[in-house]
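Hi everyone, thanks for coming. I'd like to walk you through a protein model today, one piece at a time, so please have a look at it with me.

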Amino acid sequence: MSVPSVVVHRDADVLANAVAARIITRLVDVQSAKGSASIVLTGGTVGIATLAAIAATPARDAVDWRRLDIWWGDERFLPSGDKERNETGAREALLDHVDVNPERVHVMLGPDSGLTAEESAESYAAELRRAARPEDHGPVPGFDIMLLGMGPDSHVASLFPGMPALYDTRAAVAVHGAPKPPPTRISLTLPAIQSSREVWVVAAGEEKSGAVRLALSESGHVQVPASGARGRARTLFLLDRAAASKIPPELGRISSP
């Protein structure tokens, strides 16, 4: 696993725009090298603001959206179209405004599919398995970009401190009793997250600063899930100044554009 690097931006708005530019650049580079690319999306305020920033810039046209596989790190187990679903937010912010290939948009199914949460997680794990290639060396694709938000409790995706999902080695699992609503969710596990070539943890706000500090330390991932969010080739913590305010200088390489 890679050692995290830290990039600090002035505030949440600048952060969202900077991450959007970084995503476009990375996807263009990967598509130029390999022909297609993959990204795992996240929800949350900054996550959706980042997608809206991509939609708002003419530079988005540099990406070949038809040759992009789009996945999610987690999803609230709610019916399709529900405003609280990460998928709904992503479609409204970006996906409805670009020419994506519907067959390459991989959603986590909700209860309206007729599946239970466990069956939805199993279905997603099977979809991941089908997309994995021999060079990925496992049942999950080597995602080019894994975007993750982070909560004040250090949760990433729907992996909350101390919960059973943190011990699970399957690619995707159902989460019950989440400490923030709704209580039932689908989430990628840490092994699936760590299959990514690059993991980008995006966080803004002073309330995240303690979790950021712990996530960059040697804390165990059962109590600090974000400490297990690492990419194979690269890990970035993309922060605003408030979220970065408690990072000691010795933790990670810090730059401030």
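Predicted model: local features only at pLDDT ≥ 70, side-chain atom pairs only at ≥ 80, totals over all residues.

The partners of Ser209 are Ala242, Ala243, Ser245 and Lys246, once neighbours within four places in sequence are left aside. Ser209 itself sits in helix α6, which covers residues 209–215. Is Ser209 buried or exposed? Its relative accessibility is 1%, and buried means under 20%, so Ser209 counts as buried.

Helix α1 spans residues 12–34 and helix α2 spans residues 44–56; their axes come within 8 Å and cross at roughly 60°. Because of that angle, α1 is oblique to α2. The crossing of α1 past α2 is right-handed. Who makes the contact? On the α1 side you'll find Leu15, Ala16, Asn17, Val19, Ala20, Ile23 and Ile24, and on the α2 side Val46, Ala49, Thr50, Ala53 and Ile54. Sort the residues of this contact by type and you get ten nonpolar, two polar and no charged.

Ile23 turns up again when we look at the core. The largest nonpolar core holds 84 residues, and Ile23 is among those with the most contacts inside it, together with Ile70, Leu147, Leu148, Met150, Leu188 and Leu239. Helix α1 supplies the largest share of this core, with seven residues.

Let's stay with Met150 for a moment. Beyond its neighbours within four places in sequence, Met150 touches a whole list of residues, including His155, Val156, Val201, Lys208 and Ala211. Next along is Gly151, in the loop between β5 (145–149) and β6 (172–175). From Gly151 to Ala172 is 21 residues along the chain, and their C-alpha atoms are separated by 20 Å.

One last stop: how many of the eight residues of helix α3 are buried? Six are, so to speak, tucked away as buried residues in this helix of residues 86–93. They are Asn86, Glu87, Thr88, Gly89, Ala90 and Ala93.

Methods. Residues numbered from 1 in each chain as written. Heavy atoms only, no water. Axes fitted to C-alpha atoms, helices over the stretch in contact; angles between N-to-C directions. Helix = DSSP H or I, 4+ residues; strand = E, 2+ residues; numbered from the N terminus. Parallel < 35°, antiparallel > 145°, perpendicular 65-115°, else oblique. Left-handed = near helix turned anticlockwise from the far one by under 90°. Contact = heavy atoms within 4.5 Å. Nonpolar A, V, L, I, M, F, W, Y, C, P; charged D, E, K, R; others polar. Core = buried A, V, L, I, M, F, W, Y, C linked by side-chain atoms within 4.5 Å. Buried < 20%, exposed > 50% of the residue type's maximum accessible area, 1.4 Å probe, protein only.
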